[in-house]
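Here are a few exercises to work through with the structure open. Try each task before you read its solution.

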Amino acid sequence: MRAGVHNVRIRSLQQPPPFDLSELLRYRDLIYLLARRDLAVRYKQTLLGIAWAVLQPVLAMLVFSVVFGQLAGLPSDGIPYPVFAYLGLLPWTYAASAVSRSASSLVSNAPLLGKVYFPRLILPLAAVVAPLVDLGLAFLVLVGLMAWYGITPSASLLLLLPLVALAGVLALGVGTAMAALSVRWRDLLHALPFLIQVWLYATPVVYPASLVPDRYRLLFHLNPMTGLVEGFRAAALGRPFELAGLALTAACVMGLLLAGVWLFRRAELTLSDVL
Amino acid sequence: MSAFSVEARGLTKRYRVGARGEEEFWALRDVSFSVRPGELLGVIGGNGAGKSTLLKILSRVTRPTSGEADLHGRSASLLEVGTGFHPELTGRENIYLNAAIHGRRIREIDRELDAIVAFAGVERFLDTPLKRYSSGMYVRLAFAVAAHLDPDLLLVDEVLAVGDAAFQRKCLGRVAALGQAGGSAIFVSHNMAAVERLCGSVLLLEGGRVAAWGEPRAIIDRYLSAGEHPRFACGVRTGRPQIVSADLRDAQGRPKGRLAASEPFRIRVGYVLPEREQSVHVGIGVLSAAGSPLFASEPRDAGLTLPGEAGEYVAEATLPGGVLLPGEFLVSASLWNEGALLDRQEPALAFCVDAGSSPLAPDPLRRRAPLHVACGWSLLS
């Protein structure tokens, strides 16, 4: 038998088949190629091209610094407000973009889904991977910004890597759930930009978590983005981590991932007949 | 290695149709068959017989409602040309993406890239965005990728209807070579000549059920003699001058679905004039399956002037045998006056011409043109 040969039994199913990680791994090159397609198509025929990856968080940082930092005078835990806002915007911009892309990944690839089989989970996975490139570029600006304000990064900067991974898993969980539900209820995709906007203000991006009254703290930390944004600031600036909050975040993220993938695999069964 | 590369048992597919899914539609019912390694199975049947649903199930795009199928080996589906191609990406990027969608690793594609590009003949355009490709180049690239995926099972749905004859020949050669190498193919086609030449067995579907399965010649004959009768009938009367019907008949005026290449035939076009028209003309055009016009005709050509009084009319054109070579054709019907086009149905009809007992072109791929014009020949020196 040749390498890569495998036997397949096609059956009618009421329940999703057992989760097949090895199949997903066989298709890992497709994740990379789809993510590259996403980036190529997004930035082709734009004047500024990939510079948009940096411009979006930088412009948001400038607007927030003027509106919330200067005019509203929001506190920022003793960090220069632009650095404070930018550190919140980095994970936020990534997560928002990864969620909205993975949420629409099934509907926007409907023609493909009707033509050829591949593990459907590849689509939201690729949608979560692609904006990592934007995040990497935006990170370079952070280094410059910190240097401008005379902040020396500490070794804890390396902790950003597991935090980014956690943000990716969070986006995958929310994105797969949204993608699965949007197959039947397209309204979700219209509501999504608004939901993401609400999510932004529920997350301490423009204001510090210390501003939230203590009795709401648990509720506040049930939003996994809170722990991620706080973690980003702590890691970049070498401040102590709020470990309990971070543990709660990780638990919420895992819960969301399980729920999202469960919904997604159920939607997969009837996907090509519904889309 | 298993005795079969495909074994299907009782495949059934039910779709729910209607606004709230209240109606059921059985696209496939209890379809069983098997394909041996090295065998090419042709699947034939009229529109809505379930051919495409069968391929969708075998390529795992959709699941059967009941029944099961075993596939041994890796399959490459070709449900439609250019699956997953993106117009903004270059030819090279699309080759990689397309092959990866079919489960190939990047290093496998690296090895095959040169062969794919050479087969498709797109060397000069490899780094050009696909949107600048001609449709012919697009199709060639798509088939080249699919054929070089080194599949054990190739599912082919009518791709051979597109592309020029030289490329069609190349594709058929590739399919035949696959069979010799122990791979299998399931080949859905209306091209009976190609099915008969390539396939070791044929599955005839009718209304979602297996009507026959076995030796090609007998089954193709059965299908052709039962061929449905193509006709056009307008759904809504607009109250304006309009083409209302069209159909195909044999020389005796009997409704006919398929023609032998040598046999004369008739095309009837019905039209309605709600009010008196100054002048009115009706005409037919015969088009190739790809939609390019081959010739047109109108009553005026034969010295017949049509009446302009209000009423319903049927005009009939008689066409000689031996002009259309085996293949598929479309008919358009037009209605116009001196000033303007009043109505056009394109295509109004689609029909097949079979080789029959004609000595002309038993192999349509050897003759590139769909028409035959009898020419006199002599050897001058």
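**Exercise 1.** Work out how helix H2 (residues 28-43) of chain A packs against helix H7 (residues 122-129) of chain A.

*Solution.* Start with the geometry: the two helices of this predicted model meet at about 55°, and their axes lie 8 Å apart. (Axes are lines fitted to C-alpha atoms over the stretch in contact, with angles from 0 to 180 degrees between N-to-C directions.) That makes H2(A) oblique to H7(A), because under 35 degrees is roughly parallel, over 145 roughly antiparallel, 65 to 115 roughly perpendicular and the rest oblique. Next, look at who touches whom, where contact means heavy atoms within 4.5 Å. H2(A) brings A:Leu30, A:Ile31, A:Leu34 and A:Ala35, while the residues from H7(A) include A:Leu125 and A:Val129. Finally, sort the contact by class: nine nonpolar, no polar and no charged residues.

**Exercise 2.** Find the partners of strand S1 (residues 6-17) in chain B.

*Solution.* Strands here are DSSP runs of at least two residues and helices of at least four, numbered from the N terminus; two strands pair if DSSP finds at least two bridges.

**Reading notes.** Residues count from 1 along each chain, and chains are lettered from A and ligands numbered from 1, as written. Local features need pLDDT of at least 70, side-chain atom pairs 80 or more, totals for chains, interfaces and linings use all residues, and side-chain values use heavy atoms without hydrogens or water.

Terms used: Nonpolar A, V, L, I, M, F, W, Y, C, P; charged D, E, K, R; others polar.
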